Amino acid sequence: MDYSEQIHRIKEKLSEAKEADSSYRVFGAGNHKYKLYPPVSQSSVEVFEKEYRVHLPECYRAFVLNVGNGGISYQDSGAGPFYGIYALGDHLNELVYGDPKAFLVKNFLLSPEMSETTWENLTKTLWDEYISNEDYYTELGKIYGGIMPLGAQGCTYLHGLVLNGPFRGRVLNLDMAAEQKPQFTYESNFLDWYERWLDEIISGKLITISPSWFGYAKPEGI
């Protein structure tokens, strides 16, 4: 899919968002200041994909190849929701302690329709008081398999990118402690989610209304 028009819009809207929020009132803006480091090269993406045996969703690839990669915010994140977007390859073990190669390639198990009961059944082993650390992270790796951490939201929350399966390219709101059921954001892919963030800044919505919870409420028109 050709994302060139959307990439052009996003670049323009980044400048508009910075102008609209010049005093950095949007949550996290004081950290990233709407800045991104230069994009990565095609060869860098290919090296990453080969090392971790994944194929990055095209929407995300388009972003890091053409918009930017990392920045000055928390954990070297670049402009994006909450504390921003991690640079490609950074903080891959935020969800699961250990070698990311072991769980990024796993099949993604979750779905937007997943019930609380299903989530409780998936995670019940984690709360066994006798579970070893090794077994705990093995189970967590199954639950969060196929998800690449994207950026921090604060406390134990972050956003992640689905790497495989029918929801590939979608963004999730996640609790690293696995106490809260993951929430799919409403957009069909990473770029739509990112552009919505910019739109809500430019419109003033994130400046005046509940700025710390972008992406949790259903937007108008969806």
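**View 1. Strands E3 and E4 pair in the antiparallel sense in this predicted model.** Strand E3, which covers residues 171–175, is joined to E4 over two bridges. Within this pairing, Asn 173 has Gln 183 in E4 as its bridge partner.

**View 2. Strand E2 pairs with E3 in the antiparallel sense.** Strand E2 runs over residues 157–162, and five bridges link E2 to E3. Gly 160 belongs to this pairing, and its bridge partner in E3 is Leu 172. In general, the strands of a sheet pair through backbone hydrogen bonds, in either a parallel or an antiparallel manner.

**View 3. Four strands make up an open sheet with antiparallel pairing.** Read across the sheet, the strands follow the order E1-E2-E3-E4. Strand E1 (147–154) and strand E4 (183–184) stand at the edges, and because each has a single partner strand, one side of each is left without a neighbour in the sheet.

**View 4. Strand E3 is mostly covered.** Five of the five residues of E3 are buried, and this burial extends to both faces of the strand. Val 171, Asn 173 and Asp 175 lie on one side, whereas Leu 172 and Leu 174 lie on the other, and all of these residues are buried. As a general rule, the side chains of a regular strand alternate between the two faces of the sheet.

**View 5. Asp 99 sits in the loop between helix H4 and helix H5.** The helices on either side of this loop are H4, covering 58–66, and H5, covering 101–104. The side chain of Asp 99 reaches the backbone nitrogen of Lys 101 at 3.1 Å. Tyr 52 is 47 residues from Asp 99 in sequence, and the C-alpha to C-alpha separation of Asp 99 and Tyr 52 in space is 10.0 Å.

**View 6. Cys 59 is buried, whereas Cys 155 is exposed.** The relative accessibility of Cys 59 is 3%, which is under the 20% limit, and Cys 59 therefore counts as buried. Cys 155 has a relative accessible area of 78%, which is over the 50% limit, so Cys 155 is exposed. The structure as a whole holds zero disulfides.

Terms used: Residues numbered from 1 in each chain as written. Predicted model: local features only at pLDDT ≥ 70, side-chain atom pairs only at ≥ 80, totals over all residues. Heavy atoms only, no water. Pairing = 2+ DSSP bridges. Buried < 20%, exposed > 50% of the residue type's maximum accessible area, 1.4 Å probe, protein only. Polar contact = N/O pair within 3.5 Å; in protein donor to acceptor, adjacent residues only side chain to side chain. Disulfide = S-S within 2.5 Å.
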